[in-house]
Amino acid sequence: MNERDSEAMAAVLLEKGHEIVTDEKTADVLLFNTCSVRDSAERKAVGKVGILKRLKKIKPDIFIGILGCMAQRKGDELLKELPHVDFVLGTDQLGRLPEVIEKETKKREKISYTETNSDIIQGLGHHLIKNKTSEFISIMRGCDMFCAYCIVPYVRGREKSRPQDEIVNEAKKIVRLGIKEITLLGQNISAYGLNQRTNIRPENSPFAELLYKLNNIDGLKRIRFASPHPYFFNDNLINAIAELPKVCNSIHLPIQSGSDKILQKMNRRYDTAIYMDVIKKLKAKVPDITFSTDIIVAFPGETEEDFLASKNLMNEVGFDNAYLFKYSPREGTPAAKSENQIPAAIKEERHQILLADLSVRTTKHNKALEGTTLEILVEGPSKRNSERWTGRTTTNKVTIFDPCPSIKPGDLINIKIDRSTSMTLFGKIVS
Ligand code: SAM
Ligand code: SF4
């Protein structure tokens, strides 16, 4: 989501006549779009901005701005902590970036704008799409779920969904410019549109309706989305995934914990039975579907038994990928006040166990694909070795192959898989 916001801001600034440079030493303005989800992300950002103190001494005319979630959370405090920073812009104030930069150039003053605003922010529909086949579209902002561990509702505000027509028009526009795959973004995407309805029940979310409209766009080849909340994952959405050829067979469905006791403490509003019901329905309707998830280990009060429940559930679903996080207390959230915090050594141990399990499973899943032929969307030269090209299967597996002159980025081609690792498939073009 931050990547999308950063890109939109860059696109707005380019339109205003700015230029993007690749070396920070040659920049006049340095912007940091920050994340607050875990403490480590904030510390990294503060560390990186701290290092720039030296550059600012040599080049006192540069402007340094901190944007996004940490800016929203800390506001003025950041200007005190990092006195070489010129401005701080919170999540709802990103639309003011060009105005703030202009103001700074005319009259140097410390600025901190962190007011919240329920309007959808101006300029966040802008894109930079040169040399890309795939692009993000943010369809909603904020979150109303208040999971007990999570800072997002406090720094990104209340859920706001964009109108369907606006999203469809944005998708059509970028497809006309060459984009073949879109990934829709929202913190609680399966509840898209619900806050405009009087009856906030999972079955009333019009997210599936939006997928049908996007599936009709000529030239668009694939649709992905992240992250749906299991509580709002209704049957219409399950049917849309099964019926719509452009919606990919790879679903990211965060579970967070495999223990019902912990899920309740997390205020997740579902239990493992509800979660498994969605998984089973999807597996029955879409046989080659793959799943990925988010899991937090060592949430306050997590016993060995609770942890094993997460480990077992991961095996039961057979996740192809998982973002595994060690619980990080976030000031102001209910879980941070809990007395049952888990020691760092146990957090680390549980994290390592799940990482090892995941690697064994993905190696096995990928090995089973050797000898099969899979359709991939071609992305272009691989970052590691530009002689070889890369693409992704509908199930989101990175696939490496030797290119040929008739194939270009954005094509859908068939690859016969001859080798694999836990992360990657390798194969040859099938003509
Ligand atoms: N809205 C998405 C959902 O509910 O699935 C997730 C968005 S959150 C920004 C991304 C992931 O970060 C969460 O799914 C959770 O696993 C993890 N996360 C959030 N707060 C955390 C915390 N305090 N400590 C560790 N991980 C956290
Ligand atoms: Fe955070 Fe929960 Fe909202 Fe996801 S649904 S952003 S985890 S509060």
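Here are some questions and answers about the predicted model shown above.

This is a predicted model in which local features need pLDDT of at least 70 and side-chain atom pairs count only at pLDDT 80 or more, while totals for chains, interfaces and linings use all residues. Residues are numbered from 1 along each chain as its sequence is written, chains are lettered from A and ligands numbered from 1 in the order in which they are written, and side-chain values use heavy atoms, with hydrogens and water left out.

Q: How many residues surround ligand 1?
A: Let's start with the shell, where a residue counts if one of its heavy atoms lies within 4 Å of the ligand. The closest are Q187, P254, Q256, D294 and S328. In total, the number of residues surrounding ligand 1 is 16.

Q: Which strands each supply at least two residues of the shell around ligand 1?
A: Strands here are DSSP runs of E with at least two residues, and helices are runs of H or I with at least four, numbered from the N terminus. The strands asked for are β11 (290-297) and β12 (321-326).

Q: What share of ligand 1 does the protein bury?
A: Look at the polar contacts, which are pairs of N or O atoms within 3.5 Å. A polar side-chain atom of R38 lies 3.3 Å from an oxygen atom of ligand 1, and an N or O atom in the side chain of R268 is 3.0 Å from an oxygen atom of the ligand. Taken alone, ligand 1 exposes 560 Å² (Shrake-Rupley method, 1.4 Å probe). Of that area, the protein buries 90%.

Q: How many charged residues are in the shell around ligand 2?
A: The residues around ligand 2 include C143, H229 and R268. Asp, Glu, Lys and Arg count as charged; Ala, Val, Leu, Ile, Met, Phe, Trp, Tyr, Cys and Pro as nonpolar; and the others, Gly among them, as polar. The shell has eight nonpolar and two polar residues, and the number of charged ones is one.

Q: Are α10 and α12 roughly parallel or roughly antiparallel?
A: Helix α10 (residues 235-243) and helix α12 (residues 272-285) pack at an angle of about 30°, with their axes 10 Å apart. Axes are lines fitted to C-alpha atoms over the stretch in contact, and angles run from 0 to 180 degrees between N-to-C directions. Angles under 35 degrees count as roughly parallel and over 145 as roughly antiparallel. The two helices are therefore roughly parallel.

Q: Which peptide bond is cis, with omega near -10°?
A: Most peptide bonds are trans. S227 is found in the loop between β9 (222-226) and α10. The cis bond runs from A226 to S227.

Technical notes:
Polar contact = N/O pair within 3.5 Å; in protein donor to acceptor, adjacent residues only side chain to side chain. Parallel < 35°, antiparallel > 145°, perpendicular 65-115°, else oblique.
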